Each structure stands twice: as structure tokens, then as C-alpha cells.
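Here are my notes for your first look at this model. Keep the viewer open and check each point as you read.

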Protein chains: 2
Amino acid sequence: VIQALALSGIPEVRPGDEPAELIATALTGPERSALRGRGAVLVVAHKLISKAEGRVRRLAEVAPSPRARELAERLGGKDPRHVQVVLDETREVRRAEHGVLISQTHHGFVCANAGVDASNASEDDMVIMLPLDPDGSARRLRARLAPRLGATPAVIITDSFGRAWRHGQCDVAIGCAGLRPLEDWRGGTDRRGRELRATLIAIADEIAAAADLARTKDGGQPAVLVTGVERVTCSEDGPGVAPLLRGEDTDLFR
Amino acid sequence: VIQALALSGIPEVRPGDEPAELIATALTGPERSALRGRGAVLVVAHKLISKAEGRVRRLAEVAPSPRARELAERLGGKDPRHVQVVLDETREVRRAEHGVLISQTHHGFVCANAGVDASNASEDDMVIMLPLDPDGSARRLRARLAPRLGATPAVIITDSFGRAWRHGQCDVAIGCAGLRPLEDWRGGTDRRGRELRATLIAIADEIAAAADLARTKDGGQPAVLVTGVERVTCSEDGPGVAPLLRGEDTDLFR
């Protein structure tokens, strides 16, 4: 059985706050017990991490470049300062059309606005960026939870990404520690013993999606406890999300 | 709390079998009770439905066209008969490179091989296609479960789709009944009262992903019971998956 339970009582996060402390404080007794089991994952919306790490900017302090102004205009009147922050987070602009700016971030993620977002920011002219190194943030959170919980759950850091050919967003993993993000059934067999050729499951993304079901977007519930995924958790930190990212040679969005 | 529980004991499906009967028989007492609650969804892998509906073909009976032979060769030695079945299910070929064939199906789904798959087929030269009308299949299953269960759970029919810019597959909804597939927070507000502009959640896909976590690919568990999604279930059948499909004007994969 898979379970997803949103944690209540995590306060508004400020730069310099310790996410492990905020989360450990919010965990009740039964939740702590559940986190000690194998197959437990703590799924955390990146905004909690980004705010704690100071990955925010005030638009009043951003000077847009001519390119940012041009893109903002082309996209139907976006705030050029917001576009400038997106460009600062971008390795390569992939699309700028239909009012959306699709970037490949410096981490290698392909997503709208390089993950830069204003909703759930602490102040009105503030935008939130993705953590600089989400796998590192996940490993750090995991290590700092251990002494507080007497357990080392897996950690996934998430963001909501759109899809090229489907409407709506799904939460996906942008950082992880303590689990293998891809479950590889290639070389395995189906019930009739036939090889499962193309079966490579993005299980970290599926866990992120399951966790998102447990919370509401306005509920102030940035952390969700998912249990029952013993198949993919591991005691070491593991490879992070790198196995989920397509290299340029296999990226079908080019 | 969200829960996902794979049902055991569903036998190998044959053409003409009644999915509602197979599923109702496999449900134990506590599972039946859970299905009666609001927020219960029965998530079914499309292969169960496709086999029952006879949506299978034997490769021995397929004569590949010159175009299928050419594509099979270009893609590195695929079976041209398999490619022919894919083309028969395809409205438009979107990519044919890196050994993969990405189609838009007649339903409008963009996916590898138009959803045609050989794994978990009943016989060695058999391939399985997507249901002709997965929303209709979901509505039919829902209606036929009702008298057997004394309840009308929501139904989602799933397949595993890859992503353009990320490795691995996630289960997504290809048909549904009894729930709204997109949860629209646009016009809603975040905790600080700021408008949540781009927040449109593909919740049917997130439910499909959560369900996939509960089963193994070789376990013969085509049906998963998900509970706790009262937010999106509804008494009427609802719009099916159409709201998840991008029109040509907003499809970023062109």
C-alpha cells in the first residue's frame, strides 16, 4: 500500500531557516514512526528549500536587459524584470511563444520560466528561483533530519512542470537523495516471460505526483510523507535526479 | 490521506471478458467498502480493457506497407509489421528518430508507437492497441461496476507515456469517468492572497502515477484502488480526458 500524507504546521519560511528543523518540529509521533520504516520518502516543495537558501530576488532590484525587454514584449506584456530573472536562470531558451517561455535551466531541467515563480513568495515583488543544487539540498536535508528523527528517510524536492503535449502540470522530482529515481525493468520479463524492452519508470516523478495529490496549493503544506516505496529507496544517497535528464542527443524537444 | 492499493487476483483477460465482472470478483470486503467512499478511484491499466475489447492484432496477419518497411529500417531494424500496426493507429507521425516513433494517435494522444505494445500480450506474436474510445470504456466500466458494488467509483484508464525531455515513463490517464481531470487553481489565490496564475494541475495524471507506484510491472495487477481524492471526483461522468489534450495551436511539440 502506498500512502501520502501532507504535514501540517510548517510555518512561513525565511532565509536562513533550517528546513530539517521546521519539518522535524511539524512531525507528530505517528508520522515520525512512519518515517522510520523502509520505503518512507519525505517529499518537499522546492519553495520551502529555495526560501530557506535565500534563492529569492526582489523585482525592484532587477535591471532588465534589452533582450529581456524584447522577450517580455514578444510574450504579450510580461514584466521584463521577471523575464530577466528567468534569463539569469537559463542555459538555453527553448521556446518563446504562445505567451510562454520554456527554458533549459543551468541544472538541465526543461521547464516554463526556468522554474522562476511568484506565487507563494513571501512578499509582493519577490520571485522564487529553484535551488542552485537541488540534489545537494536533498542530501543535506536528509543528513540533517537523521539526528532529529533517529531515521534517514529518502528525500525528494519537487516542482510543478508542464508537459509539451498535454495540458496541466504534474509535480516532478528536481532533486533527490536516498532513492533510485528510475526503476529499470529492461531485461526483466512480463508474466509470460517476454522481455520488457522499453519499461523504464520515472518513479521519483511518480512519487512527486502522488505527494501532490495529498495537498492543496493554498494550504501551506510544503511537505508530504509518502510511505510504501521500499522498491526504490536505498540507504546511500544514490545518484540524485541526473538519470531522469535526457542528454542533448536523446532530447526529443529539440 | 491518499492511499493506493493494487488489487490481486485478476485473471488473464480474454476477448469478450467483462472487466467489471473480473474487477468486482477480485475486490475483497474492505476494498469494496473503500470504493463506496467519496474520493475513490479505480485505476485500470489499459491492457485489461484493450484485451477484453479485442483490441489486439497478430503480427502474422499484418502485411506491412512500403512506408512501414522504410520506417522500420530507418528506426534501426524494427519489425515492419509492428510499425504497420503503429501507423494504422496514427493520425500523424511526430518524430521518427533515435530508434523511437512518436505518434499522435487518432484520439489525439502524443506517445511512443501510438501506444501499441507487445509486453503483457497473451501470445507471442500479438500486439495490444489502445482502446478505440478510452473515455467510453471508462464510462462503461463505471456503469457496470455500479450494480455489482452498490457504488459508483470514478474510473481512470492508464498507459505509460514517456516525456520529451526527461527519461523514464509515468503512467497517465487516457480515459476517465467520474472525475474532473484538470484541477484549476487559476483565479484562486495563494496563502498571501496572490493570484495563482499558471496553476492548472493534471490531477488525473497524478492519480495514474500514484496508482502505478502500488504495482509491479510483472505482478499481474492491472487495477489499483486509489482513495482520498474527494477534491476531483464527481457524481456525473464528467468531460473525460479531453481537457488534458493540447490543441494544435498550443502544442509545444510541433
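This is a predicted model: local features need pLDDT of at least 70, side-chain atom pairs count only at pLDDT 80 or more; totals for chains, interfaces and linings use all residues.

1. **Make-up of chain A.** Chain A holds seven helices and twelve strands. Its radius of gyration is 19 Å, close to the 18 Å that the globule rule gives for 254 residues, so chain A is as compact as a globular protein of that length. Along the principal axes, its C-alpha atoms fill a box of roughly 55 × 50 × 25 Å.

2. Of the 254 residues in chain A, 58% are buried. The chain exposes about 9700 Å². Carbon and sulfur atoms supply 48% of that area.

3. **Contacts along the sequence.** Take the contacts in chain A between residues at least 6 apart in sequence. Of these, 62% join residues at least 24 apart.

4. **Charges.** Chain A carries 35 positive and 36 negative charges.

5. **Two loop residues.** Is A:Gln221 buried or exposed? Find it in the loop between α7 (203-213) and β12 (223-227) of chain A. Its relative accessible area is 18%, and buried means under 20%, so A:Gln221 is buried. Leave aside its neighbours within four places in sequence, and its contacts are A:Ala6, A:Leu7, A:Ser8, A:Ala214, A:Arg215 and A:Thr216. Now turn to A:Gly9, in the loop between β1 (2-6) and α1 (19-26) of chain A. With a relative accessible area of 66%, A:Gly9 is exposed. The C-alpha atoms of A:Gly9 and A:Ala154 are 21 Å apart, and 145 residues separate the two along the chain.

6. **Helix α1 of chain B.**

7. Look at B:Glu18, at the start of α1(B). One of its side-chain oxygens reaches to within 3.0 Å of the backbone nitrogen of B:Ala20.

Methods. Residues are numbered from 1 along each chain as its sequence is written. Chains are lettered from A and ligands numbered from 1 in the order in which they are written. Side-chain values use heavy atoms; hydrogens and water are left out. A polar contact is a pair of N or O atoms within 3.5 Å; within protein, one must be able to donate a hydrogen and the other to accept it, and residues adjacent in sequence count only if both atoms are side-chain atoms. Helices (H or I, at least four residues) and strands (E, at least two) are DSSP runs, numbered from the N terminus. The radius of gyration is taken over C-alpha atoms; the globule rule is 2.2 Å times the number of residues to the power 0.38. Buried means under 20% relative accessible area, exposed over 50%, partly exposed in between (1.4 Å probe, protein chains only). Contact means heavy atoms within 4.5 Å. Accessible areas come from the Shrake-Rupley method with a 1.4 Å probe; for residues, only the protein chains shown count as cover. Lys and Arg count as positive and Asp and Glu as negative; His and the chain ends are not counted. The place of a charge is taken as NZ of Lys, CZ of Arg, CG of Asp or CD of Glu.
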